[in-house]
Amino acid sequence: MRKLLKYLKDYKKESMIGPLFKLLEACFELVVPLIMANMIDIGIRNGDTGYILRMGSILILFAVLGLSCSLTAQYFAAKASVGFGTALRHDMFRHIQSLSYAEIDRAGSSTLVTRITSDINQVQSGVNLVLRLFLRSPFIVVGAMLMAFTISVKLALIFVVAVPLLSLVIYGIMVVSIPLYRQVQKRLDRILLSTRENLEGIRVIRAFGMQAREREEFKAKNTKFLAAQMLVGKISALLNPATYIIVNVATIAIVWFGGRETYAGGVTQGEVIALVNYMTQILTALVALSNLIVSFTKALACANRVNEVFDLEPSIQDPSVEELAGRETSVQEMMKEKEVTKVKEAVAFHQVSFAYPKSKVYAVTGLNFSVKQGEMIGIIGGTGSGKSTLVQMIPRFYDVTEGSVTVDGRDVRDYKIEELRQKIGMVPQRAVLFRGTIRDNMRVGNELADDVEIMEAVKRAQALEVVEGKPDGLDTMINEGGKNLSGGQRQRLTIARALVRKPQILILDDSASALDFATDARLRKAVRDLKDMTVFVVSQRAASVMQADRIMVMDDGKLVGIGTHEELMETCEVYREICLSQLSEKEVGRHV
Ligand SMILES: Nc1ncnc2c1ncn2[C@@H]1O[C@H](COP(=O)(O)OP(=O)(O)OP(=O)(O)O)[C@@H](O)[C@H]1O
C-alpha cells in the first residue's frame, strides 16, 4: 500500500483537511457526555430549567457543528480518493501498455482487467475510509479513555482492560482474513477469465451445443468463489458480536461499580452516565474501526495485486546507452565480414533459437537466413511449426533466447522500439479492428494519413469493395472487434491498416486465410508491386507462397528449406509433400 501512496501526492491538502475535520467532529462528540453529566448533576438536581435549556442549546449547536465538520471531511476525503484512483488507473494502464507479450501471456489478460477495475476501486474505497476514520476512531477511543480518567481513575480501569481486549480480537480477525481475501480475489479472476472466454467463443459454444458443459463449469467455479466468500464472511462476521460482548460486559461493570461508587460519594450519577456514554462512544468507534479494518484488509489485498502488476518489468525495452555501445562494435564487425553492399539486407536471423517464457522446449531453433530489401518471402509449414514465432521476433514482440535478429543490418534490440516498429507493418493472424469508423481504424496505422492515402491502401488490400459496399464509406462504424464485418472483410481491412503506414517490411501472418484464391492472388500481386517493400507472407496454403521470390519451409521449429518453388520442389521433401497434398500435379508443375 505504501508504494501506492505516491498517487495521493497531488491531493496532499485534501488528505490532511479530511482527517482534520473528522478530528474536529470527534472533539465535539467527546464533550457531549460531560455536558450531559452537568445537565443531570446541576440542572436536574437543582431543578434549574434555564440551565438545562442553555446546555440543551449548546448540545444542538455542537451537533450542527459536528455535522458540518463531518460533511466537509467527507467531501475532501472523496476528492482525494477519487483523484488517487484516477491517477493509479492511468498509471497502471500506461504500465500495461509497456508490457511485452511475454508478461501479458504470463499474467493473463483477464486478471489484468480485474486489477485495473475492481481491485483499484477497492483500494480507492479503502483510501476514502482510511482518510475519514483511521485517525478519528483511535482518537475517540483514546479521548474517551482520557475523559474517563478525568472522571474517576478507579472506574477508568475498566476501560484499561476492555480496550486492549477489543484491539486483540480485531487484530486476530485481521490476521486470519487477509490471506482469505486474496483467495477470494483469485477465484473471482477465474470467473472473469471463464466469462470472457465464453463470450468470445459464444458462436463456437452454440454451434457445438456446449452450453450445458459451459454452464456446469461456470457453476463449479462460482461455487468455489461462493465458498471462499462464505468462509471469509463468517470470520469477518465474528467481529461485531465479539466486540459487542466485550463492550457490553464493560458497560455492566461501569454501572455496577459506578453505582457503588455513587453511594460511597466517589462519583456523581451524571458522571456514571457520562462513563457509560464514553463506553458507547468507544464501541461505536471500534465498530467503525473494525469495519474499516475489514475494508482495509480487502484494500490491502487488492493493493498487493495492483503492485504485482507494477512489479512486472517489461522484458522488451529500449536499449540503454551502455548496451548500445557494446553491441555496435560487434554489428560493425559483422557488417564488415559480410560486406552487405550491393543490395541492402533488410532482415537477417543469426543462429536464432527461441523458447516461450516458462516453456521447457524451444519453439524455433537454429534459424539462419538473410532477406534482401524488396524480396517477397513466403513462409510455409505445418501447424505449430514455428512460422508465427519466427515473424514475431522481427518487431520484437518476443526477444530471441539465443542468437540475434537484424533489421537493416542493426540488431533489433539496438533500436528504440518505436523506431523499429515504425518500419514494420504487422498483420497478425487474428484480424482485430477497434470500435470506431473505418477511417479511425485505418489511422491506427498512421494518424496523419489523409483519405487519398487511406483509399490507396484500401485498394491495394483488395478492400475497396468493402468500403464502397457500405453506404457511409470510410465513415462506416465498426462494432467492437469488427463483429459487423465478415472474416474476409476484416482481414482485408487489417492489411489495409498496415499498408497505410507504408512500412519498409510488411508481415502478413496467415492474414489472408479467409480470402478466396482469386482475391488472395490479386492481393499478393498488388503488394508485390510495391518494389521497395520487403514482404513476409506466412501461410499454410502452398498457393499463397508459390510465387514468392523465395520460400522458407518450417518443420518442427527448424528451417528445413529455403529457395524458389522450383528449387524446393527438387530439394525439399517437406515442401514437396505440402504442395502435392494441396495442389494437383498440374498446378504444382505449372511452376516447375
Ligand atoms: N504464447 C505462447 N506461449 C507458449 N507457447 C507458444 C505460444 N505461442 C506458440 N507457442 C508454441 O510454439 C510453437 C510454435 O507456434 P507458432 O504459433 O509459431 O506456430 P505456427 O507455425 O505459426 O502455427 P499455425 O500455423 O498453427 O499458426 C508451438 O508448439 C506452440 O504451441
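Reply: The account below begins with the strands and then turns to the ligand and the helices.

The model is a predicted one, in which local features require a pLDDT of at least 70 and side-chain atom pairs count only at pLDDT 80 or more, while totals for chains, interfaces and linings use all residues. Residues are numbered from 1 along each chain, as its sequence is written.

The protein chain contains 22 helices and 12 strands. These elements are DSSP runs numbered from the N terminus, a helix (H or I) having at least four residues and a strand (E) at least two. Strands are said to pair if DSSP finds at least two bridges between them. In general, the strands of a sheet pair through backbone hydrogen bonds, either parallel or antiparallel.

Four strands make up an open sheet in the order E2-E1-E4-E5, and their pairing is antiparallel. Strand E2 (364-372) and strand E5 (410-411) each have a single partner strand, so they stand at the edges and one side of each lacks a neighbour in the sheet. Within the sheet, strand E1 (residues 345-354) is joined to strand E4 (residues 402-407) by five bridges in the antiparallel sense.

Most residues other than glycine have a negative phi. Gln351, which lies in strand E1, has instead a positive phi, near 45°. Gln351 counts as exposed because 12 other C-beta atoms lie within 10 Å. Asp408 is partly exposed, since 17 other C-beta atoms lie within 10 Å.

A hairpin is formed by E11 and E12, with two residues between the strands. Strand E11 (residues 550-555) and strand E12 (residues 558-563) run antiparallel and are joined by five bridges. Val553 has Gly561 in E12 as its bridge partner. In the turn, Asp556 has a positive phi of about 50°.

The ligand is surrounded by 14 residues, the closest being Tyr356, Ala363, Thr383, Ser388 and Thr389. A residue is near a molecule in this sense if its C-beta atom, placed from the backbone, lies within 6 Å of it. The shell comprises two nonpolar, nine polar and three charged residues. In this grouping, Ala, Val, Leu, Ile, Met, Phe, Trp, Tyr, Cys and Pro are nonpolar, Asp, Glu, Lys and Arg are charged, and the others, Gly among them, are polar. Helix H12 (residues 387-392) gives the most to the shell, with three residues.

Turning to the helices, helix H2 (residues 49-98) has 50 residues and reaches 73 Å from its first C-alpha to its last, close to the expected 74 Å. The expected span is 1.5 Å times one less than the number of residues. Buried residues of H2 include Cys69, Phe76, Phe84 and Ile96. The buried residues of H2 pack against helix H1 (12-46), helix H4 (109-134) and helix H10 (269-311). Contact means that the C-beta atoms of two residues, placed from the backbone, lie within 7 Å.

Arg187 lies in helix H6 (residues 153-200), and Lys221 is found in helix H8 (residues 211-237). Leaving aside neighbours within four places in sequence, Arg187 is in contact with Lys224, Phe225 and Ala228. With the same exclusion, Lys221 is in contact with Arg190, Ile191 and Ser194. The C-alpha atoms of Lys221 and Arg190 are separated by 7.3 Å, although these residues are 31 residues apart along the chain. Lys221 is partly exposed, as 18 other C-beta atoms lie within 10 Å.

UniProt, in an unreviewed entry, places transmembrane regions at several spans, including residues 157-181 and 278-296. Its positions follow the numbering used here, its feature names are shortened, and its annotations may be inferred rather than shown by experiment. In the model, residues 157-181 are 100% helix, with end C-alpha atoms 37 Å apart. Residues 278-296 are also 100% helix, and their end C-alpha atoms lie 26 Å apart.

Methods. Buried ≥ 20, exposed ≤ 12 C-beta atoms within 10 Å, placed from the backbone.
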